[in-house]
Amino acid sequence: MRRMPRGRCHPKDLANVMKMRHIFLSVLFFGSVGLLFITYLHIWMEEQPTGKYIAKYIPRVLKIRQDRITKLWKDPSKSPGKDWTVFQSGRVVGDGVERGGDEIASESLKSTSSRAQDLVKQRLFQQRRMRTLLLKRFLEPRSNLTSLQRSTWSLVVDAVHEQRRRFLASFCKTFYVNKHRRSLIRLVSQVYVEERHKLLYCEVPKAGCSNWKRMLMVLSGMASSPHNISHDFVHTSKKLRRLDSYNLREANELLNGFTKVLFVRDPMERLVSAFRDKFEHPNNYYHPVFGKAILKKYRANASEEALKTGSGVKFSEFVRYLLDPHKPIGMDIHWEQISKLCSPCLINYDFIGKFESLEQDANYFLKLIGAPQGLRFPRFKDRHSADERTTSTVVNQYLVQITPFERQQLYNFYNMDYLMFNYSKPHL
């Protein structure tokens, strides 16, 4: 039997090695191309308006123009400034060329189509340009603002609130890094607009937002008193406008000229308050939507009744859901970080109030913006009024239900909120 020379592979082994190498290189190449394509597609889709706009707009313009031409063709008297008889005669002579009416009508429609397409392109260009300007000028990180821009807010406040603004600006300059592209809609979806007093309010659930919405309704003239507005009406009414309901040019002007206000709360207090409100009382949304998913994944041997209703979620189970990178259901604004809800390093807020001094801060702010004399921020608690308010003492009663490791993870989860708004780290 003939032996293979030393140092040489058998042809079959060599073929297998080459085959595996080709497969690896092919997977690597196509994977890289696919990743680049998806990244480009994502960026392109963010910068384009929806396809529905383009699909609807062009046919609509063409139909309007075509109907207009048809009407004028049938009844020339409706356009006395033009001689449509030449079209009806069937022959038109111009530049030495004799053409029929049908040919001219066809050219007119082609011209109309071209103008409509040019109009759409122009509007799309203006929309993209406005979006770019808005994101660059008014939603740029505070670290890019000059010291002059940071010091000239539209609202003159006392030393305490001035210190809060400067502390946040300093933090954003030192630590904030914008790692992800964020759509304009996501950035301003929590911001409410009150035009009469030129006010932009970012809603932070469990930080006095229900009463703040009542105040916006009174300030805008929709109601005479915050005490006459029910909780359900506050949160289901479409009377208050959000900033994302305005077009880009209008949003640009509002962000530049209106007073922007944000009210925050200690992250642990806000979290426990949200849990008590949504899971310890009957709720026909959070129990079936969040409760079922939490019990199914985090409670061993859950009863059929619990899985059916979603009621009875424990704080420890809720925390496991919150810290799980593979949540069975997404986040909710009631426990989302304020740093994500209101983008305080991208939107330059003029006034930062705190829930811990809510009434004092709110009434001071109302005075600053020229609210009607005698209008005071409401003190009442309209939901579960018999329950004790969520204070640091109440929070500790819930934190002891979870492990020290989970308490540290919770702090890490809300770490940005603690640092941005200068809250002390809790004793874990």
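A search of the whole structure, which is a predicted model, finds two disulfides. A disulfide is a covalent bond between the sulfur atoms of two cysteines. One of these links joins cysteine 172 to cysteine 345, with an S to S distance of 1.9 Å, and the value of -85° about its S-S bond makes the link left-handed. Cysteine 172 lies in helix α6, which covers residues 159-175, while cysteine 345 belongs to the loop between α15 (338-341) and β7 (351-354), so the pair ties together parts of the chain that are 173 residues apart in sequence. Both cysteine 172 and cysteine 345 are buried.

The other link joins cysteine 202 to cysteine 342, again with an S to S distance of 1.9 Å. This pair also connects distant parts of the chain, for cysteine 202 is in strand β4 (residues 199-202) and cysteine 342 is in the loop between α15 and β7, 140 residues apart. The torsion about the S-S bond of cysteine 202 and cysteine 342 is about -90°, so this disulfide is left-handed. Cysteine 202 has a relative accessibility of 1% and therefore counts as buried, and cysteine 342, with a relative accessible area of 0%, is buried as well. When the bonded cysteines are counted along the chain, the disulfides follow the pattern 1-4, 2-3.

How do these links sit within the chain as a whole? The chain has 19 helices and seven strands, and of its 428 residues 41% count as buried. Among contacts between residues at least 6 apart in sequence, 70% join residues at least 24 apart.

Most residues other than glycine have a negative phi. Lysine 206, however, has a phi near 70°, a positive value in a residue other than glycine. Asparagine 301 is another residue with a positive phi, here of about 55°, although it is not a glycine. Asparagine 301 lies in the loop between α12 (286-298) and α13 (304-309), and its relative accessibility of 79% is the reason why it counts as exposed, the cut-off for that class being over 50%.

On the side of α8 the contact involves Trp212, Met215 and Leu219, which meet Leu358, Ala362, Phe365 and Leu366 in α16. The residues of this contact divide into seven nonpolar, no polar and no charged. As for cysteine 209, its relative accessible area is 6%, so this residue is buried.

Helix α16 also contains aspartate 361, a residue that counts as buried because its relative accessibility is 3%. When residues up to four places away in sequence are not counted, aspartate 361 touches His161, Arg164, Phe263, Phe351, Gly353 and Lys354. Of these partners, His161 and Arg164 fall within the residue range of helix α6, the helix in which cysteine 172 lies, whereas Phe351, Gly353 and Lys354 fall within the range of β7.

Leucine 323 lies in helix α14, which comprises residues 315-323, and although leucine 323 and glutamine 409 are 86 residues apart along the chain, their C-alpha atoms are separated by 7.3 Å. Leaving aside neighbours within four places in sequence, leucine 323 is in contact with Glu406, Gln409, Leu410 and Phe413. Helix α18 covers residues 404-413 and packs with α14 at an angle of about 50°, with the axes 11 Å apart, which makes α14 oblique to α18. The crossing of α14 and α18 is left-handed. From α14 the contact is made by Val319, Arg320, Leu322 and Leu323, and from α18 by Glu406, Gln409, Leu410 and Phe413. By class, this contact of α14 with α18 has five nonpolar, one polar and two charged residues, whereas the contact of α8 with α16 has no polar and no charged residues.

Technical notes. Residues are numbered from 1 along each chain as its sequence is written. This is a predicted model: local features need pLDDT of at least 70, side-chain atom pairs count only at pLDDT 80 or more; totals for chains, interfaces and linings use all residues. Side-chain values use heavy atoms; hydrogens and water are left out. A disulfide is a pair of cysteine sulfur atoms within 2.5 Å. Helices (H or I, at least four residues) and strands (E, at least two) are DSSP runs, numbered from the N terminus. Buried means under 20% relative accessible area, exposed over 50%, partly exposed in between (1.4 Å probe, protein chains only). Contact means heavy atoms within 4.5 Å. Ala, Val, Leu, Ile, Met, Phe, Trp, Tyr, Cys and Pro count as nonpolar, Asp, Glu, Lys and Arg as charged, and the others, Gly among them, as polar. Axes are lines fitted to C-alpha atoms, for helices over the stretch in contact, and angles run from 0 to 180 degrees between N-to-C directions. Angles under 35 degrees count as roughly parallel, over 145 as roughly antiparallel, 65 to 115 as roughly perpendicular and the rest as oblique. A crossing is left-handed if the near helix is turned anticlockwise from the far one by less than a right angle, and right-handed if clockwise.
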